[in-house]
Amino acid sequence: MPPLTPTRLSSFSFPHTSPLLHHLLPSTATKPTMSFSSSSSPSSLANQQDPQDQNLSQVLKYHTSTKHHLTRYARGPHGLDWANQPNPFRRYLSSPLLPLLHPSSSSPSPLYSSIFTSLPPPQPISISTLSQLLYDSLSLSAWKSTPFSTWSLRVNPSSGNLHPTEAYVISPAINSLSDTAFVAHYAPKEHSLELRAEIPSWVFKDLLPDDSFLIGLSSIFWREAWKYGERAFRYCNHDVGHAIGAVAVAAAELGWDVKILDGLGYEDLEKVMGVGRDSHFEIPVRAVKGRFPEMEFEHPDCVMLVFPCGNGRVEVDYEKLRLAVKGFEGLEWKGERNVLSKEHICWDLIYRTAEAVKKERDLNERFSVDEFRSSGSCSESSYKGFTVREVVRKRRSAVDMDGVTMMERDTFYQILLHCLPSGGGGEQKRQLALPFRALSWDAEVHAALFVHRVKGLPEGLYFLVRNEDHFDELKKSMRSSFKWVKPEGCPEELPLYELYRTDCQALAEKLACHQEIASHGCFSLGMVACFEPMLKDKKVWMYPRLFWETGVLGQVLYLEAHAVGISATGIGCYFDDPVHELLGLQGSNFQSLYHFTIGGPVIDKRIMSLPAYPGPSVDA
C-alpha cells in the first residue's frame with residue numbers, strides 16, 4: 001500500500017455518462033489531512049453500560065473513528081520514524097532452534113486448480129510435510145534489493161509488508177524434529193521452529209483427532225501501527241485472514257483440512273501459544289509517544305486444527321481441551337522475546353478495542369466439519385498449469401497496474417466462482433469450499449466490483465452476493481436505480497449482478513484514496529460485510545473475524561490472479577463512507593472493510609530479486 005498523499009479533490013471529474021457519481025465530489029476544494037491527536041477518552045457514561053453494550057460501543061467507536069474521509073484521513077503518525085521501524089522478525093532468544101527442511105523444486109505439488117475440486121490423499125505428519133506446509137504458507141518467498149535497501153517478502157501477504165502476524169505449531173512428537181509433543185514459534189527467516197515448551201503427549205492422544213496438530217496465529221499491533229496509526233487494528237486482522245487462507249491452501253496441497261477452533265476463548269489461546277498482554281502494560285488515556293517495550297506483546301487471534309481430509313467424523317471435546325490447556329500455565333516456557341523498536345507510539349484506541357473483542361469461552365460451541373464442497377468451474381483453460389507451490393510462492397503484491405491488460409469474460413467468472421463460500425451447485429451461505437471452510441461461521445462478506453477491462457463485459461458496477469440470505473436486505477438497502485440483472489454469459493451458479501453501466505475508472509481511483517492502481521487493472525472491488533446487526537446478534541468478537549473473512553477472500557483473489565498469469569494487490573486505504581454513499585447504503589447495517597484490484601502488473605526492473613533462502617544477513 002503506497003503512502004497517503006493528500007490530493008486536491010477538485011481536480012477529479014467523472015465521465016458525463018456517470019450521473020450517478022457526481023454527488024461524490026465535495027463542493028469546495030480541500031486537502032485531506034492526517035491527525036495525530038487521540039480519539040479516545042474514557043467516559044463515565046460508558047462505565048455505566050452493560051459490559052456487552054460497552055464493548056459494542058467501543059467497537060463502533062473504533063470503526064467510525066478509523067474511517068478515511070474525503071477531507072481527512074484516520075489518525076496516524078505524521079511521517080515514518082525510520083529509526084524505530086519494527087524488526088519484522090520475532091525471535092525467542094535462547095530457545096532451541098529446530099531446523100525445518102526446504103522442499104526441492106522437484107518435490108511433488110498438485111495443480112493449483114485441482115485442489116478446488118478435490119484434495120489429494122492425506123500425507124502423514126512428518127518433518128517433511130510440516131516443513132512443506134510452513135514453506136508454502138508463511139515462509140519467506142524472496143528478497144528484494146536496491147543500492148540503498150534490502151527487504152524480504154513472504155508467501156503470506158501483509159499490509160505495507162510489515163507482517164504483524166506470528167505463527168505457532170502445537171504438535172505431537174515428530175520423528176527427527178522433537179521426541180516430545182511441543183509448542184514452537186515459527187521463525188520464517190530461518191525456516192525453523194523455536195521450541196517454546198514441551199507438553200504431555202496425552203494432550204494429542206486423548207483430546208485431538210489422530211494425525212492432527214494445531215497452528216496458532218497472533219498479532220503484534222505495533223508493527224502495523226508504526227506506519228498506519230489507529231487504522232492498524234483493521235490491517236492486522238486482514239493479515240490474520242490472509243494467513244488463514246495461506247495455511248488452508250498449503251494444507252490442501254498435502255491432503256489436509258483446516259478448521260478454526262472457535263470454541264476456545266481468548267484466555268485459552270493465551271495459554272496454548274504462551275503469548276498475551278503483559279501484566280504491567282497499562283493502556284494510556286490517549287495516544288502517547290515513548291519507550292513501551294511491553295506493548296510489543298502478541299495478541300492471540302486463533303488456533304486452527306490441521307487434520308487429514310476425508311477420514312470420517314472429526315471430533316473435538318472443547319471442555320476437555322480447555323481443562324488440558326489450563327495446565328499449560330505450568331509448562332516451562334523457553335526463550336525471551338526480542339525487542340522490535342527502541343521507541344513507540346501507543347495508540348490507545350487499538351488496545352481498548354482489542355480488549356473489547358476478546359472472545360469468551362463458549363460452553364455451547366460444538367466442533368463440526370462439513371463435507372468438502374468442490375468449487376464451480378466454467379473456464380478451466382484460464383489457468384496456466386501452475387502447481388500450488390508455483391502459485392503461492394510466486395505470489396507478489398503489485399505496486400502498479402499497466403492500464404492495458406484485458407481479461408477474458410470467462411476468466412473473470414472463473415475467478416469469482418472460486419470466491420464463493422459454498423462451492424458450486426447450491427445456495428451460497430455456509431463456508432464449505434476451499435479455503436473458506438477453515439472459518440467457523442456463515443459467509444458475511446460480499447463484493448462490489450468495478451469492472452474496467454473485461455472483454456465482453458460492459459464497464460460498470462457489479463455485485464457478488466456471497467450469502468444469498470442477505471440478497472433481499474442488500475437490494476432493499478442499496479440504490480433503487482440499480483438493475484440487479486445477471487450479466488451475459490454468467491454461470492447460473494454464480495450470484496453476480498450488474499448494477500449500473502458506466503466507465504468507473506476515475507471513481508474507483510478516487511474511492512481508493514486516489515490510487516491509480518484501483519483504476520488501471522482489469523477490475524477492482526470493495527468487500528462489503530453485514531455489520532452492526534450481526535455484531536449485536538453474534539457478539540462483538542465477530543468484529544475481527546469479519547476482517548479475517550475479507551483476508552481469506554483476498555488471499556483467493558491473489559492466488560487466482562497469479563494462477564491466470566496476472567497480478568493483484570490488497571487496498572486498505574479507501575474512503576469508507578463515500579463507498580457506502582455510492583452504493584446507497586445508510587447507517588451501519590453494511591460496511592466496506594477491504595478493497596482489492598486485479599490486473600496486469602508493471603514490473604520495476606530497478607529492483608533486484610534474490611532467493612528466499614539463504615538470504616542476506618539483515619533483519620528486513
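Modeller: The largest cavity of this predicted model is lined by 14 residues. Those nearest its centre are His299, Pro300, Asp301, Val357 and Arg545. By class, the lining of the largest cavity comprises 8 nonpolar, 2 polar and 4 charged residues.

Four elements each contribute at least two residues to the lining of the largest cavity: helix H6 (232-253), H7, E11 and helix H15 (542-563). Two of these contributors, H7 and E11, lead directly to a sheet. Strand E11 covers residues 299-308 and pairs with E9 in the antiparallel sense over 5 bridges. Within this part of the fold, Trp256 stands opposite Pro308 of E11.

The sheet itself is open and has 7 strands, in the order E2-E7-E6-E5-E8-E11-E9, with antiparallel pairing. Its edges are strand E2 (97-99) and strand E9 (256-260), each of which pairs on one side only. On average, neighbouring strands of this sheet are turned by 30° against each other, direction being ignored. Helix H7 (residues 266-273) packs on the sheet and touches strand E5 (165-171), strand E6 (181-187), strand E7 (192-199), strand E8 (213-219) and E11. The direction of H7 makes about 75° with that of E11.

The loop between E6 and E7 contains His191, a residue that is not a glycine and yet has a positive phi of about 45°.

The second largest cavity also involves a strand of this sheet. Its volume is about 80 Å³, and E5 gives the most to its lining, with 3 residues. The lining of the second largest cavity consists of Leu138, Arg154, Asn156, Thr165, Glu166, Ala167, Tyr186, Pro188 and Leu217. Divided by class, these residues are 5 nonpolar, 2 polar and 2 charged.

A search of the whole structure finds 1 disulfide, formed by Cys513 and Cys573 with their sulfur atoms 2.2 Å apart. The link of Cys513 and Cys573 is left-handed, with -95° about the S-S bond. This pair joins distant parts of the chain, 60 residues apart. Cys513 lies in the loop between helix H13 (505-511) and strand E19 (523-530), whereas Cys573 lies in the loop between strand E20 (567-571) and helix H16 (576-583).

Cis peptide bonds are also present. One joins Leu434 and Pro435, with omega about -5°; Pro435 is situated in the loop between helix H11 (409-417) and strand E15 (445-451). Another runs from Tyr613 to Pro614, with omega near -10°, and Pro614 is placed in the segment after strand E22 (608-610).

Note on methods. Residues are numbered from 1 along each chain as its sequence is written. This is a predicted model: local features need pLDDT of at least 70, side-chain atom pairs count only at pLDDT 80 or more; totals for chains, interfaces and linings use all residues. Side-chain values use heavy atoms; hydrogens and water are left out. Two strands pair if DSSP finds at least two bridges between them. Axes are lines fitted to C-alpha atoms, for helices over the stretch in contact, and angles run from 0 to 180 degrees between N-to-C directions. Contact means heavy atoms within 4.5 Å. On a 1 Å grid over the protein atoms alone, a cavity is a set of points where a 1.4 Å probe fits but cannot get out, and a pocket is an open set with protein on both sides within 12 Å along at least five of seven lines; lining residues have an atom within 4 Å of a point. Ala, Val, Leu, Ile, Met, Phe, Trp, Tyr, Cys and Pro count as nonpolar, Asp, Glu, Lys and Arg as charged, and the others, Gly among them, as polar. Grid points are joined across faces, edges and corners, and a volume is the space filled by probe spheres set on the points. A disulfide is a pair of cysteine sulfur atoms within 2.5 Å.
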